[in-house]
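Open the model in your viewer and keep the sequence panel beside it. This tour tells you what to select at each stop and what is there.

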Amino acid sequence: MNRLFGGRNTGPKPTLNDAIGNMQTRLDTIDVNIAKINGELTTYQQKLSRMRDGPGKNAIRQRAKACLERRRMYESQKDQLMSQQWNMEQATMMQDNLRNTMTTVDAMKTTTKELKKQYGKIDIDKIDKLQDEMADLMDIGNEIQESISRSYDVPEDVDEAELDAELEALGEEVDLGEASYEGADSMPAFMMDQNAPPQFIDEPPETNKVKEAAG
């Protein structure tokens with residue numbers, strides 16, 4: 001039986017990518033054949049344009065028609081192969097999308113399990129208790145800061161009227177101080193020169209004229 005039908009193929013089965021690659025090779029071969037036929041048709045057209053009507057021209061025309069029939073056959077095969085290739089490429093894209101979806105689902109399952117494990121280790125009551133203790137410590141710290149920064153000599157209640165009166169008195173003291181300073185610069189009367197002219201005279205008297213008047 002194995003001789004008639006062959007043994008079971010134990011090799012790896014072809015994938016869609018393998019099938020697409022093989023089909024692309026066939027399409028490339030068809031394109032080469034079509035290019036050869038186009039070259040033959042160009043040669044036949046050139047000959048037909050220079051020949052006169054007759055048996056020779058008819059024979060070349062028949063060869064050109066045969067080339068056209070072969071080109072149509074190759075073009076039909078090419079269209080079929082391209083359609084099949086497009087269908088397989090779509091199937092490959094669907095397969096890739098499904099594989100990516102499955103990978104995403106597996107990752108989500110793993111992440112969910114890990115999150116459940118991590119959240120299972122957390123006690124919400126303990127967190128609330130820690131928050132309350134932290135708030136109490138913050139209040140204690142604020143009280144300590146207020147106590148340290150408290151002023152001892154400054155009264156808590158300040159009377160604005162008293163401050164205005166004190167400021168006015170301070171201004172009067174400044175005026176008295178300036179007057180005293182100006183008076184200190186002036187010389188007392190007993191220390192002044194008795195022979196000096198009075199201060200209300202603009203110019204001092206001449207010495208010669210005083211002697212003549214006395215004589």
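**Stop 1: threonine 92.** Select threonine 92 to begin. Threonine 92 counts as buried, because its relative accessibility is 10% and the cut-off for buried is under 20%. This is a predicted model, so every value on the tour is computed from predicted coordinates. Threonine 92 has its place in helix α3.

Now show the atoms around threonine 92. Which backbone oxygen does the side chain of threonine 92 reach? The oxygen belongs to methionine 88, at 2.8 Å. Next, ignore residues up to four places away in sequence. Threonine 92 then touches Leu16, Asn17 and Ile20. Keep Ile20 in mind: Ile20 is one of the buried residues of α2.

**Stop 2: the whole chain.** Zoom out and color by secondary structure. The protein chain has six helices and zero strands. Along the sequence the pattern reads α-α-α-α-α-α.

The accessible surface of the protein chain comes to about 19,600 Å². Carbon and sulfur atoms account for 54% of that surface. What share of the 215 residues counts as buried? The figure is 8%.

Contacts come next. Take those between residues at least 6 apart in sequence: 74% of them join residues at least 24 apart.

**Stop 3: helix α3.** Select residues 55-120, which make up α3. This helix has 66 residues. At 1.5 Å a residue, α3 should span 98 Å, and its end C-alpha atoms are 97 Å apart, so the two values agree.

Which residues of α3 are buried? Highlight Lys57, Ile60, Ala64, Cys67, Tyr74, Leu81, Gln85, Met88 and Thr92. The buried residues of α3 pack against α2.

**Stop 4: helix α2.** Select residues 16-50 for α2. The helix has 35 residues. From first C-alpha to last, α2 reaches 51 Å, close to the 51 Å expected at 1.5 Å a residue.

Highlight its buried residues: Ile20, Met23, Leu27, Ile30, Ile34, Ile37, Leu41, Tyr44 and Leu48. What covers them? The cover includes α3.

**Stop 5: lysine 57.** Return to α3, where lysine 57 has its place. Is lysine 57 buried or exposed? Lysine 57 counts as buried, because its relative accessibility is 13%, with the cut-off at under 20%.

Follow the side chain of lysine 57. The side chain makes a polar contact with the side chain of aspartate 53 at 3.1 Å. The two side chains also meet in a salt bridge, N to O. Aspartate 53 counts as exposed, since its relative accessibility is 68% and exposed means over 50%. Set aside neighbours within four places in sequence, and lysine 57 is in contact with Leu48, Met51 and Arg52. Leu48 is among the buried residues of α2.

Stop 6: Side chains of opposite charge can pair when their charged atoms come close. The count for this model comes to five salt bridges.

Select glutamate 40 and arginine 70. These residues form a salt bridge, with the closest N and O atoms 3.0 Å apart. The pair links distant parts of the chain: glutamate 40 is in helix α2 and arginine 70 in helix α3, 30 residues apart. Glutamate 40 is partly exposed, with a relative accessible area of 32%. Arginine 70 is partly exposed as well, at 36%.

Now select glutamate 75 and arginine 71. Here the closest N and O atoms of the salt bridge are 3.9 Å apart. Both residues lie in helix α3, four residues apart, about one turn of the helix. Glutamate 75 is partly exposed at 34% relative accessibility, and arginine 71 is partly exposed at 26%.

**Stop 7: a nonpolar surface patch.** Select Met134, Leu137, Met138, Ile140, Ile144 and Ile148. Together they make a nonpolar surface patch of about 630 Å². Center the view on methionine 134, which lies in helix α4, residues 124-148. Methionine 134 is partly exposed, with a relative accessible area of 48%.

Definitions and conventions: Residues numbered from 1 in each chain as written. Predicted model: local features only at pLDDT ≥ 70, side-chain atom pairs only at ≥ 80, totals over all residues. Heavy atoms only, no water. Helix = DSSP H or I, 4+ residues; strand = E, 2+ residues; numbered from the N terminus. Expected span 1.5 Å × (residues − 1). Buried < 20%, exposed > 50% of the residue type's maximum accessible area, 1.4 Å probe, protein only. Contact = heavy atoms within 4.5 Å. Salt bridge = Lys/Arg side-chain N within 4 Å of Asp/Glu carboxyl O. Patch = residues over 30% accessible without salt bridge, like charges linked within 9 Å, V, L, I, M, F, W, Y side chains within 5 Å. Areas by Shrake-Rupley, 256 points an atom, 1.4 Å probe, with all protein chains shown as cover. Polar contact = N/O pair within 3.5 Å; in protein donor to acceptor, adjacent residues only side chain to side chain.
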